[in-house]
Amino acid sequence: MSELIVRPAEPDEAGNVLRVTPASAGWTHVGFEVYRLKPGQTLERQTEAQEACLVLLSGLADAEAGGQRWPGIGKRMDIFEGTPPYSVYVPEQQSCRITAVTDVELAVCLAPGLGGGLPARLIAPERVGVEPRGYGSMTRRVQNILPESEPADSLLVVEVFTPAGNWSSYPPHKHDQDNLPAESYLEETYYHRVNPGQGFAVQRVYTDDRSLDETLTVRDGEAVLVPRGYHPVSAAPGYDSYYLNVMAGPVRTWKFHNDPAHEWLFPKPASSPEPKEEA
């Protein structure tokens, strides 16, 4: 199996099924965890030197962070309902608690806190920007949970729904050079879900010099590490694709570079909506 794929495990006592740390990924900024909680089960933690974005992927829960309480949050009971999720932003050096009311799938997105002094806050579905991107077989729907326009120290968090047979993160782009204003360095994880669950998606991760060039078969519940390079995704016919992206780097800005070989795809056909060169 590729070292870029992180497979889920059976839930441990805390409900954790998947974990990426900077040490396990061989990088500096991004951490990512997934929990599956049973009704009444509680996840409690301290953020310490990291900030966190807790994304309620599915289910209903009570949430607490930074001395605030948000009982009964949750809207979608299945990711593929497609409605925007509830999330909780938790700054560094704060405690947080999630108690499942129903079965819950929870993503914990982590990156370094930088002493920004931000308060904990609820990110309700109506705060999530929803937009279509691409055209034709590159059409997908992007839901911006914690974009650059919203306050955080390091984290950028977004989810993408790609219909069966379509491509996303396409045409290919990368963000692996600390070369602002042209390009920013951002590590990235992709947490994949596939519907129906026996299906798969395909993700390629490659660099210009092909020192990294892997084409990955990704199954439901797996994560892909993108330490560098371009990283397009294809949803297999018959299987809708979802992924949750977490990005972070030394500067919280998303400046990407398109693969020059495929930039010809950006001019839109006259009958198609304007494509977006991102996600």
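Predicted model: local features only at pLDDT ≥ 70, side-chain atom pairs only at ≥ 80, totals over all residues.
## A first look at the strands, cores and pocket

Strands β20 (residues 200–206) and β23 (residues 233–235) run antiparallel and are joined by 3 bridges.

**The open sheet**

- β20 and β23 belong to an open sheet of 4 strands, whose order is β15-β23-β20-β21 and whose pairing is antiparallel.
- At the edges of this sheet are β15 and β21 (213–219), each of which pairs on one side only.

- G165 sits in the loop that links β14 (156–162) with β15 (167–168).
- G165 counts as partly exposed because its relative accessibility is 31%, which falls between the 20% limit for buried and the 50% limit for exposed.
- M138 is 27 residues away from G165 along the chain, and the C-alpha atoms of the two are 9.2 Å apart.

**The nonpolar cores**

- In soluble globular proteins, nonpolar side chains tend to be buried together.
- Here, the largest nonpolar core holds 47 residues, and L18, F32, C53, C109, V157 and L244 are those with the most contacts inside it.
- The strand that gives the most to this core is β24 (residues 240–248), with 5 residues.
- A separate core of 21 residues lies apart from the largest one, and its members include A52, I98, L106 and L110.
- Not counting residues up to four places away in sequence, C53 touches S87, V88, A107, V108, C109, I123, I145, L146, L155 and V157. Two of these partners, C109 and V157, are, like C53, listed with the most contacts inside the largest core.

**The largest pocket**

- β13 (140–146) and β14 each supply at least two residues of the lining, and β14 gives the most, with 3 residues.
- Sorted by class, the lining has 8 nonpolar, 2 polar and 2 charged residues.

Terms used:
Residues numbered from 1 in each chain as written. Heavy atoms only, no water. Buried < 20%, exposed > 50% of the residue type's maximum accessible area, 1.4 Å probe, protein only. Core = buried A, V, L, I, M, F, W, Y, C linked by side-chain atoms within 4.5 Å. Contact = heavy atoms within 4.5 Å. Nonpolar A, V, L, I, M, F, W, Y, C, P; charged D, E, K, R; others polar. Pairing = 2+ DSSP bridges.
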